[in-house]
Amino acid sequence: MLQFAKNKEMSLLLTAFTLAVIDVFSSFSTSRVTATGARKVEQPILSADIYGTMYLSGDTTGKVEVALDKEMAKQMAANIGRCDPELLSDDEINDGVGELINQIAGNTRTRLWGQGYKTEISLPKVTGYSNLAESDKTDKQSIYVIDFDCSCGFVALQMCLRVTKSKPVQTTQS
Amino acid sequence: MRILIAEDSALMRRAIVNVVGKLGHEAIEAENGASAMSLLRKQHNKIGLIILDWNMPVMDGYEVLTKVKTDERYAEIPVLMATSAGVKEDVIKAIKAGASSYIVKPFKPEALSKKIKEVLKGSHGKQTAKAN
């Protein structure tokens with residue numbers, strides 16, 4: 001488990017999403033994708049071009065966003081559809097980002113269930129703005145940003161999460 | 001053979017259609033489970049395989065799977081589930097509901113091609129055994 005937060009459960013959640021992003025991006029990119037660290041922030045990143053938002057329910061709740069620049073989104077969409085990135089429309093790029101987020105959600109869900117957290121993740125919402133507002137924070141929640149290093153362009157994860165089940169039942173990893 | 005592909009991402013459908021085409025089959029496309037059921041009602045006699053994404057708006061892949069497997073008009077058509085989550089409980093649920101096989105995204109075209117061949121081979125075997 002990556003040591004992202006002092007809280008063990010939060011660290012586990014951040015690790016699950018981070019490894020899912022690395023897994024999914026690596027499968028659609030020839031560039032190496034690595035996480036460079038996590039930080040607690042007061043305000044989410046608002047300068048990205050595209051945001052893919054997932055909503056969590058069950059043993060963990062909250063919102064997770066993948067923030068991308070357009071070049072990165074275009075490359076990923078082209079790799080999903082196995083087509084020329086320059087021929088993609090904005091709608092197709094958003095469609096590709098939606099599928100990318102869907103796959104990250106599925107990969108994370110598998111990791112969390114394997115750790116005993118029965119978490120459901122919504123279909124992705126793709127927008128040109130962040131859906132993570134400061135008002136999402138409660139006294140027990142913080143916004144975490146995970147930065148990634150990738151030569152294809154900019155990508156970051158930002159999330160505001162809460163574990164609702166403190167002692168998960170350990171299940172066998174599938 | 002005609003293969004019905006239900007997948008909400010147009011780009012992902014394009015990738016699956018390419019694989020199906022390279023195997024020499026004809027693809028028909030649905031962008032959600034409800035469209036897939038509508039196409040199935042009209043063309044079920046011509047459809048030899050259904051590839052179903054699990055997470056789709058309107059009607060998800062699991063609901064389509066249960067509808068297909070509980071309707072005698074479609075129950076014999078093999079179903080390959082494609083999903084982004086590899087949770088063991090989901091796999092068991094899909095297989096119990098009658099899915100022939102399961103593939104976890106992201107997958108390489110070669111992996112999907114292999115799965116399609118395996119499912120069709122298994123389905124042909126079952127039909128031959130039934131005929132005998």
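Between chain A and chain B an area of about 1900 Å² is buried, 55% of it given by carbon and sulfur atoms; buried area here is the accessible area, taken with a 1.4 Å probe, that two parts lose on being put together, summed over both. On the side of chain A, the residues A:Arg82, A:Asp95 and A:Leu123 supply 23% of the area that this chain buries against chain B, more than any other three residues. The model is predicted, so local features need pLDDT of at least 70 and side-chain atom pairs count only at pLDDT 80 or more, whereas totals for chains, interfaces and linings use all residues. Residues are numbered from 1 along each chain as its sequence is written, chains are lettered from A and ligands numbered from 1 in the order in which they are written, and side-chain values use heavy atoms, with hydrogens and water left out.

**Interface**

- The contact, meaning heavy atoms within 4.5 Å, takes 23 residues from chain A and 22 residues from chain B.
- Three salt bridges are found across the interface of chain A and chain B, under the rule that a side-chain nitrogen of Lys or Arg lies within 4 Å of a carboxyl oxygen of Asp or Glu.
- A salt bridge joins the side chains of A:Arg109 and B:Asp90, at 2.5 Å from N to O.

**Largest pocket**

- The largest pocket holds about 280 Å³ of space; on a 1 Å grid over the protein atoms alone, a pocket is an open set of points with protein on both sides within 12 Å along at least five of seven lines, a cavity is a set where a 1.4 Å probe fits but cannot get out, and lining residues have an atom within 4 Å of a point.
- Its lining has 18 residues, and those nearest the centre of the pocket are A:Arg109, A:Glu120, B:Trp54, B:Asn55 and B:Asp90.
- Helix H3 (90-114) and strand E4 (119-121) of chain A, together with helix H4 (88-96) of chain B, each give two or more residues to this lining, and H3(A) provides the largest share, five residues; helices (H or I, at least four residues) and strands (E, at least two) are DSSP runs, numbered from the N terminus.
- By class, the pocket lining has seven nonpolar, five polar and six charged residues, where Ala, Val, Leu, Ile, Met, Phe, Trp, Tyr, Cys and Pro count as nonpolar, Asp, Glu, Lys and Arg as charged, and the others, Gly among them, as polar.

**Largest cavity**

- There are two cavities of 30 Å³ or more in the structure, and the largest cavity has about 100 Å³ of space, a volume being the space filled by probe spheres set on grid points that are joined across faces, edges and corners.
- Residues from both chains line the largest cavity, including A:Phe28, A:Arg82, B:Met12 and B:Pro106, and H1(B) gives the most, with four residues.
- The lining of the largest cavity divides into 10 nonpolar residues, one polar and one charged.

**Backbone**

- Most residues other than glycine have a negative phi, and most peptide bonds are trans.
- A:Arg82, in the loop between H2 and H3 of chain A, has a positive phi of about 50° although it is not a glycine.
- B:Lys105 and B:Pro106 are joined by a cis peptide bond with omega of about -5°, and B:Pro106 lies in the loop between strand E5 (101-104) and H5 of chain B.
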